[in-house]
Amino acid sequence: LSLSIPSVFFPLIWVSLIFVFDPINYTNREESLLSDIEKGNGSRIYTLFTGGIICGIFWEMFNYYAGSKWIYSLPYLNSPKIFEMPVVGYLGFGFFALECYAIYTFINSIKKKIRPEIYYPLLFLSFLIIFITSSYLIDRYSVKYFVLF
């Protein structure tokens, strides 16, 4: 849906990795949000979601005064804003926290299965590739201007 009608369904990108990694964690009998739901225990989900929003508020507060900052323009629900973020956009930080948890649990489960002399270099190389690629793509497609004060 995000690829077919991005102007409407772009928020699904914020939750997409939850639907990739959490089911893998659940299937492998690792800690997962799905197992929490199955047990009727929503405390981890509420805690992570709330923590994500709180971190997002601080992130946006620091972003607001940054020389090179994100300025958000959504196709709908673009106001009211707190700092540069539309209020509804803060929900994305809650989902991001859930994604981080699912990815962390997945990576931690791999760590249990691979010898440390292979795991740590592989993890470092993965993060390095992700960092270089995302930095390039952010600069190329997202940053429109940079202001120095």
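Begin by selecting the lining of the second largest pocket, whose residues divide into eleven nonpolar, one polar and no charged. In this count Ala, Val, Leu, Ile, Met, Phe, Trp, Tyr, Cys and Pro are nonpolar, Asp, Glu, Lys and Arg are charged, and the others, Gly among them, are polar. The model on your screen is predicted, so local features need pLDDT of at least 70 and side-chain atom pairs count only at pLDDT 80 or more, while totals for chains, interfaces and linings use all residues. Residues are numbered from 1 along each chain as its sequence is written, and side-chain values use heavy atoms, with hydrogens and water left out.

**The second largest pocket**

To display this lining, pick C100, I103, Y104, I107, I110, I114, Y119, L122, L123, S126, F127 and I130. Helix 6 and helix 7 are the elements that each give two or more residues to the lining of the second largest pocket, and helix 7 gives the most, with six residues. The volume of the second largest pocket is about 250 Å³. A pocket is an open set of points on a 1 Å grid over the protein atoms alone, where a 1.4 Å probe fits and protein lies on both sides within 12 Å along at least five of seven lines; lining residues have an atom within 4 Å of a point.

**The whole chain**

Now zoom out and colour the protein chain by secondary structure, which shows seven helices and two strands. Read along the sequence, these elements follow the pattern α-α-α-α-α-β-β-α-α. Helices (H or I, at least four residues) and strands (E, at least two) are DSSP runs, numbered from the N terminus. The C-alpha atoms of the protein chain fill a box of roughly 50 × 40 × 35 Å, taken along the principal axes. Of the 149 residues in the protein chain, 24% are buried, where buried means under 20% relative accessible area, exposed over 50%, and partly exposed in between (1.4 Å probe, protein chains only).

**The largest pocket**

Next, turn to the largest pocket, in which about 1,500 Å³ of space lies. Select W14, W59, W70, Y72 and S142, which are the closest to its centre among the 33 residues that line the largest pocket. Helix 2, helix 5, helix 6 and helix 7 (116-141) each supply at least two residues of this lining. By class, the lining of the largest pocket has 20 nonpolar, nine polar and four charged residues.

Move on to the loop between helix 5 (43-64) and strand 1 (81-82), where you will find L77. L77 counts as exposed because its relative accessibility is 53%. P75 also has its place in the loop between helix 5 and strand 1, and P75 too counts as exposed, at 53% relative accessibility.

**The salt bridges**

How many salt bridges does a search of the whole structure find? There are four, each being a side-chain nitrogen of Lys or Arg within 4 Å of a carboxyl oxygen of Asp or Glu.

Select K112 and E30, which form a salt bridge with their closest N and O atoms 3.0 Å apart. K112 lies in helix 6 (91-113) and E30 in the loop between helix 3 (18-27) and helix 4 (33-38), so this pair ties together parts that are 82 residues apart in sequence. K112 counts as exposed at 60% relative accessibility, whereas E30 counts as buried at 16%.

Then select R44 and E31, whose salt bridge has its closest N and O atoms 2.5 Å apart. R44 lies in helix 5 and E31 in the loop between helix 3 and helix 4, so this pair ties together parts that are 13 residues apart in sequence. Both count as partly exposed, R44 at 26% relative accessibility and E31 at 44%.

Finally, select E117 and R115, which form a salt bridge with the closest N and O atoms 2.7 Å apart. E117 counts as exposed at 51% relative accessibility, and R115 counts as exposed at 51% as well.

Note on methods. Grid points are joined across faces, edges and corners, and a volume is the space filled by probe spheres set on the points.
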